[in-house]
Amino acid sequence: MMLGVKTSGTALACSHFLSPRAFPPTAVTLRHLNPYCSYRSIKMSAEQIVEHVVLFKAKPDADPSKLTAMVNNLNSLTSLNQVVHLSSGPLIRDRSSSFSFTHLLHSRYKTKSDLADYSAHPDHVSVVKQYVLPMVDDIMAVDWVPIEFSGPTGVPPGSAMRLTFLKLKENLGENEKSQVLSAVGGIKEKFSGIEQLTVGENFSPGRAKGFSIASIAVFKGVDELEALESQKVSELWIMRN
């Protein structure tokens, strides 16, 4: 899923989604979205960060003005104390044959407890009930704590991001899982265009549709992400036993 847009002359945060359907992944799916992002960077006393990604599938007959209101109200949640970074917006291109999501929200928190408090916050609950649930047919959410984290806690305006979700085979041992995490985490060393990369194991399986590994790679901008794509590097996400 890739977000990329300029509003009032300002480049906003971007994101790109790559989703192999199974382990070993045999295919990748790419989406592009047009975000209306809020950006806030908070210095953290600890090195831990919690990633939270939510995908929404809007109803086919959804009123565009109400979808805009949904996005705007989701982005307003960046004002909550628990939120380190939050951006949300609609997809503008879908190459997937397996998914039909139309919107995305990406946010970061200092701790799992902060994420839980954000989810239970009356403002969040109100936005979900009034603006999200009436407009969507499907929701997918993935949460993870990166194995390692460095760099800014907020995604800088103008950045591009690649989100990778992996669905592992059942009954894989911890060694095999560690190998997958290591392989995805090692991608940053191979591609200089990646400014920041986080990878970890999903800890909220209820709405993750079976995906258990997630990663975000941050690029300076869409051009750097497109350069990586033009090299067909998506083939490197094909993992084998």
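**Figure 1. Asn 171 sits in the loop between β11 (160-166) and α4 (174-185).** Helices (H or I, at least four residues) and strands (E, at least two) are DSSP runs, numbered from the N terminus. The model is predicted: local features need pLDDT of at least 70, side-chain atom pairs count only at pLDDT 80 or more, and totals for chains, interfaces and linings use all residues. Residues are numbered from 1 along each chain as its sequence is written, and side-chain values use heavy atoms, with hydrogens and water left out. Asn 171 is not a glycine, yet its phi is positive, about 65°. Its relative accessibility is 78%, so Asn 171 counts as exposed. Here, buried means under 20% relative accessible area, exposed over 50%, and partly exposed in between (1.4 Å probe, protein chains only).

**Figure 2. Lys 209 lies in the loop between β12 and β13.** Lys 209 also has a positive phi without being a glycine; the value is about 55°. Lys 209 has a relative accessibility of 35% and therefore counts as partly exposed.

**Figure 3. The protein as a whole has 6 helices and 13 strands.** Of its 241 residues, 51% are buried. Contact means heavy atoms within 4.5 Å. Take the contacts between residues at least 6 apart in sequence: 78% of them join residues at least 24 apart.

**Figure 4. Strand β12 (residues 194-201) pairs with strand β13 (residues 213-219).** Two strands pair if DSSP finds at least two bridges between them. β12 and β13 share 7 bridges and run antiparallel. Ile 194 faces Phe 219 of β13 across the pairing. β12 is mostly covered, with 6 of its 8 residues buried.

**Figure 5. β7 and β10 form an antiparallel pair.** Their pairing extends over 8 bridges. Lys 57 stands opposite Asp 138 in β10. In β10, 7 of the 9 residues are buried, so the strand is largely enclosed by the rest of the structure.

**Figure 6. His 106 belongs to strand β9 (residues 103-109).** His 106 is buried, at a relative accessible area of 0%. The side chains of His 106 and Glu 51 make a polar contact of 2.9 Å. A polar contact is a pair of N or O atoms within 3.5 Å; within protein, one must be able to donate a hydrogen and the other to accept it, and residues adjacent in sequence count only if both atoms are side-chain atoms. Neighbours within four places in sequence aside, His 106 touches Glu 51, His 52, Val 53, His 85, Leu 86, Ser 87, Val 155, Met 161 and Ile 216.

**Figure 7. Arg 108 is also placed in strand β9.** Its relative accessibility is 0%, so Arg 108 counts as buried. What does the side chain of Arg 108 make a polar contact with? The partner is the side chain of Gln 196, at 3.1 Å. A polar atom of the Arg 108 side chain also lies 3.1 Å from the backbone oxygen of Thr 153. Arg 108 and Val 53 are 55 residues apart along the chain, with their C-alpha atoms separated by 8.8 Å.

**Figure 8. Helix α3 (residues 122-132) has buried residues His 124, Val 127 and Val 132.** They cover an arc of only 60° around the axis, which puts them on the same side of α3. The arc is that of the directions from the helix axis to the C-beta atoms. Pro 122, Lys 129 and Gln 130 are exposed on the other side of α3. The buried residues of α3 pack against β7 (50-58), α1 (64-75), α2 (112-120) and β10 (136-144).

**Figure 9. In α2, the buried residues are Asp 114, Leu 115 and Tyr 118.** Their arc around the axis is only 100°, which puts them on the same side of α2.

**Figure 10. α2 and α3 pack at an angle of about 55°, with axes 5 Å apart.** The two helices are therefore oblique to each other. Tyr 118, Ser 119 and Ala 120 of α2 make the contact with Pro 122, His 124 and Val 125 of α3. Axes are lines fitted to C-alpha atoms, for helices over the stretch in contact, and angles run from 0 to 180 degrees between N-to-C directions. Angles under 35 degrees count as roughly parallel, over 145 as roughly antiparallel, 65 to 115 as roughly perpendicular, and the rest as oblique.
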